[in-house]
Amino acid sequence: MKCKTCGGKATVNMRQHKLALCSTHYLGWVPEQTARFIKKYWMFGPDERVLVAVSGGKDSLSLWDILHRLGYQVDGLYLGLGIDEGIGYSDESHRLSAKFASERGLKLHVVDIEKEYGASIPMLAEKSRRGHGRPCSVCGVAKRHEMNRIARDMGYDVLATGHNLDDEVAVLFANTLAWSADLLRRQEPVLRESDGLARKVKPLCRFYEKEMAAYALLRGIEYIYEECPFSVGSTSIYYKELLNRLENERPGAKLAFYVKFLEAKKNGLFTPPTEKDFILTACPKCGQPTSGDGLCSFCKIVGKAG
Amino acid sequence: MVKLTLRNQQYEVKPGMTLLSSLEKIGVLPESVIAVRNGEMILEDEILKDGDEVKLVAVISGG
Ligand code: SF4
Ligand SMILES: [Zn+2]
Ligand SMILES: [Zn+2]
């Protein structure tokens, strides 16, 4: 297969775009496309300060690399979850994130959950008895809470995460199977800021997972290849595989599912959120907005562990 | 023979097939892996030769 730009040997083939590129042109194409989507979805402007949540994985480190290359003011945030499970998962992902930052002279904020709250994610999950043996629900709550806290306390305009199209489509698929209208309404490339909540953006939401892995490999980014041990057997991985089987037979199916969903929403698929969907109160302990009238989910979890 | 490795799984296929046919043979979805031979990424139409060693990099992650 030949590169569409230069006719040289292609190393990446994107059947959904009928586009094959050589390594050099692919490495140029990805940042170009990212810049296009940042503008298309009104994610942020050149003068805004961006905080990227980095996990040491291929997506978040590539996102940091891309935004830095595009000239944005972008710092990183690494959350130490305290996941070891005999393979030192958190230590290794921290090491790779720190190495990435120092090699490029970038600023990385590090928040260690255990140092901050007296218990790691697996410990918090165990003590609060949420998630039936899997700490993922506690982990999700904690990540959202801490990312938002740091973004606001440090004065960032926007919080960026490395979600790729496969991540988005797996969530979309799960929420469609359950017809979770509330969750479907909120699934967007951009969540605008509101009282106490930072703006959240997903600049990689139009790239396939395979494309992001190709970018990280070709760019020579050292990322953590091992999975978080708790992700083994998760439904999101199951749905991703299912959707890849579909994609294999019908190139472009994943992209169309996502893009058409966003379009359908814009054209009124759901009734727009009403006033009362926005009624949030401040958590009496941490001050972050919550939909209930007591402590937010994160403070409840930390409270049970204390 | 052609050797393919995915995480700690090893597979062997006959030489002379394309990467795509080789992946079908061993039951790995092309969409879920990137194939690397001698440090270079290769595409599905690449013909694999006797003695080739192909590393399959899993691309799916997430919890
Ligand atoms: S797999 Fe679960 S525990 Fe591991 S990082 Fe993801 S959400 Fe957290
Ligand atoms: Zn080229
Ligand atoms: Zn709180």
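A residue here is called buried under 20% relative accessible area, exposed over 50%, and partly exposed in between. Keep that handy for the two exercises below, and remember that this is a predicted model.

**Exercise 1.** Work out what geometry the site of the zinc ion (ligand 2) has, and whether His25(A) is buried, exposed or partly exposed.

*Solution.* 
1. Next, look at the angles.
2. Finally, check accessibility. His25(A) has 29%, so it's partly exposed. Cys6(A), with 46%, is partly exposed too.

**Exercise 2.** Find which residues coordinate the zinc ion (ligand 3), and decide if Cys283(A) and Cys299(A) are buried or exposed.

*Solution.* 
1. The donors are the SG atoms of Cys283(A), Cys286(A), Cys296(A) and Cys299(A), at 2.3 Å.
2. Their angles span 105 to 114°, which gives a tetrahedral site. For comparison, the ideal angle for four tetrahedral donors is 109.5 degrees.
3. The spacing along the chain is C-x2-C-x9-C-x2-C. Cys283(A) lies in the loop between strands E9 and E10, while Cys299(A) belongs to helix H12, so the pair ties together parts 16 residues apart in sequence.
4. On accessibility, Cys283(A) comes in at 2%, so it's buried; Cys299(A), at 4%, is buried as well.

Methods
Residues are numbered from 1 along each chain as its sequence is written. Chains are lettered from A and ligands numbered from 1 in the order in which they are written. This is a predicted model: local features need pLDDT of at least 70, side-chain atom pairs count only at pLDDT 80 or more; totals for chains, interfaces and linings use all residues. Side-chain values use heavy atoms; hydrogens and water are left out. Donors are N, O and S atoms within 2.8 Å of the metal (3.2 Å for Na, K and Ca); water is not among the atoms, so sites may look incomplete. Four donors count as tetrahedral if all angles lie between 85 and 135 degrees; four count as square planar and six as octahedral if opposite donors are over 155 degrees apart and all others between 65 and 115; anything else is irregular. Helices (H or I, at least four residues) and strands (E, at least two) are DSSP runs, numbered from the N terminus. Buried means under 20% relative accessible area, exposed over 50%, partly exposed in between (1.4 Å probe, protein chains only).
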